[in-house]
Structures are given as C-alpha cells and as structure tokens.
Amino acid sequence: MLDRLFPNVVWENLWLATYETVYMTVIAAIATFFLGIILGLFLYLTAKGNPWENRFFYTFVGAVVNISRSIPFIILIILLIPFTRALVGTMFGPSAALPALIIGAAPFYARMVEIALREVDKGVVEASQAMGSSNGHIIFKVLLPESMPALISGITVTTVALIGYTAMAGTIGAGGLGTLAFQQGFQRTNTDVMIMATIVILAIVFIFQMIGDFLVNRLDKR
C-alpha cells in the first residue's frame with residue numbers, strides 16, 4: 001500500500017534520515033538546555049536588583065544574546081563553517097550541524113530562562129535570603145525548582161524550533177530529513193519523497209511536544 005502511494009521513497013534512506021534528525025535534535029536540545037540555563041541565570045542574576053547586579057555584564061551578555069538570536073539560521077550555518085571544520089573536521093553530516101544548532105538555539109532559550117526566573121515569586125526568594133541561604137542554595141533550591149515547569153515548556157518550544165533548523169541545515173548537506181527531502185525529493189522532482197519527509201517531521205514534532213507537555217503537567221504544582 002505504502003509502496004503504491006510513495007513509489008520513489010527508499011525506506012532504508014527514510015529511516016536513516018529520521019535517525020539523523022532525531023540525533024541532531026536530541027543532542028542539540030540537551031546542550032541548549034544546559035547552556036541556555038547558564039546564560040539565562042547569568043542574565044537574571046546580573047540584572048538590576050538581583051544578587052550579582054552588574055550593569056556592564058548584563059548589557060554585554062544581553063547584547064551578545066540578542067545579536068546571536070537575530071541572525072537567520074541559514075546565514076549562521078555559513079558563518080560558522082570555518083569553526084565547524086576546525087571543531088568537527090568537516091562541514092557535512094549530522095555532527096557538523098550541531099555547533100550551528102546549539103549556537104543558534106541557546107540564546108533564544110536563554111531569554112526564555114531569564115523570563116521564567118523573573119516570574120518566580122520574589123517573596124520566596126526574599127524569605128530564603130532572610131534565612132541566610134547562600135546564592136548557590138537560592139539558585140538550586142529555589143529559583144530552578146520553582147521555575148522548572150516554565151523551563152521545560154521553554155525547551156519544548158526550542159526543541160520544536162530545532163527540528164525546523166535541522167531541516168534547513170539538511171539543505172546544505174547536514175543529513176537528516178531535510179537532506180532527504182531536498183536531494184531525493186525536490187532536486188529529483190519526487191513529490192512523494194517530500195511529502196513523506198514532511199509527515200515524519202510532523203510526527204517527530206508531535207512526539208516531542210507531547211513529551212514536553214507531559215513533563216510540564218507533572219512538574220506544575222499549581
């Protein structure tokens with residue numbers, strides 16, 4: 001049945017491309033989660049009225065984050081080609097796409113982290129400070145646990161964006177479903193290949209979104 005509907009789809013290639021897309025997405029999402037939390041915490045803590053208040057560092061890091069997340073992803077990939085070659089040894093393949101994916105997504109997520117931390121009840125933070133808690137205790141026992149539902153929601157949104165980034169990266173040889181749709185679908189005028197690649201990408205998006213929603217509901221204490 002499927003062979004009749006999608007006569008030009010090579011199923012082995014489709015499963016390999018799916019694996020490559022999931023590989024790029026998961027690795028990039030994990031790295032983005034931790035890097036974004038570090039950047040977001042730094043932005044929050046150095047903002048006015050917070051423990052590490054420092055106008056210069058907040059402005060500088062904020063400017064870097066804003067500039068990084070404003071660069072179109074396809075241009076970012078091209079700009080990072082020398083860095084990617086030096087780090088990975090090649091500009092092709094799923095692993096070569098990871099630096100651009102992480103650098104493209106981490107600043108976006110960092111702003112979400114900063115916003116999530118700002119929404120933590122200041123009364124809880126002040127109570128912890130009044131009890132003599134250290135900054136480390138406040139970060140790991142108050143700020144991060146209280147903001148975790150928002151952090152998970154944010155990384156879910158970012159992960160969905162990363163799936164789209166992997167498809168764009170695929171057009172210049174990063175592998176995955178983007179490469180499959182472009183090389184075996186678009187360039188060879190095989191519409192069925194493009195449709196099947198799109199269906200699989202949508203399925204991946206729905207799965208990650210469902211996982212994210214499930215975790216948020218489990219962690220949300222409201």
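By class, how many nonpolar, polar and charged residues does the lining of the largest cavity have?

A: Happy to! This is a predicted model, in which local features need pLDDT of at least 70, side-chain atom pairs count only at pLDDT 80 or more, and totals for chains, interfaces and linings use all residues. Residues are numbered from 1 along each chain as its sequence is written, and side-chain values use heavy atoms, leaving out hydrogens and water.

The lining of the largest cavity has ten nonpolar residues, one polar and no charged ones. Here Ala, Val, Leu, Ile, Met, Phe, Trp, Tyr, Cys and Pro count as nonpolar, Asp, Glu, Lys and Arg as charged, and the others, Gly among them, as polar. A cavity is a set of points, on a 1 Å grid over the protein atoms alone, where a 1.4 Å probe fits but cannot get out; lining residues have an atom within 4 Å of a point.

Among the lining residues of the largest cavity are I77, L80, T84, M91 and A169. Helix 5 (81-88) and helix 6 (94-118) are the elements that give two or more residues to this lining, and helix 6 gives the most, with three. Helices are DSSP runs (H or I, at least four residues), numbered from the N terminus.

The space in the largest cavity is about 110 Å³, a volume being the space filled by probe spheres set on the points, with grid points joined across faces, edges and corners. In total, the structure holds two cavities of 30 Å³ or more.

Definitions and conventions:
1 Å grid on protein atoms, 1.4 Å probe; cavity = no way out; pocket = protein on both sides within 12 Å on 5 of 7 lines; lining within 4 Å.
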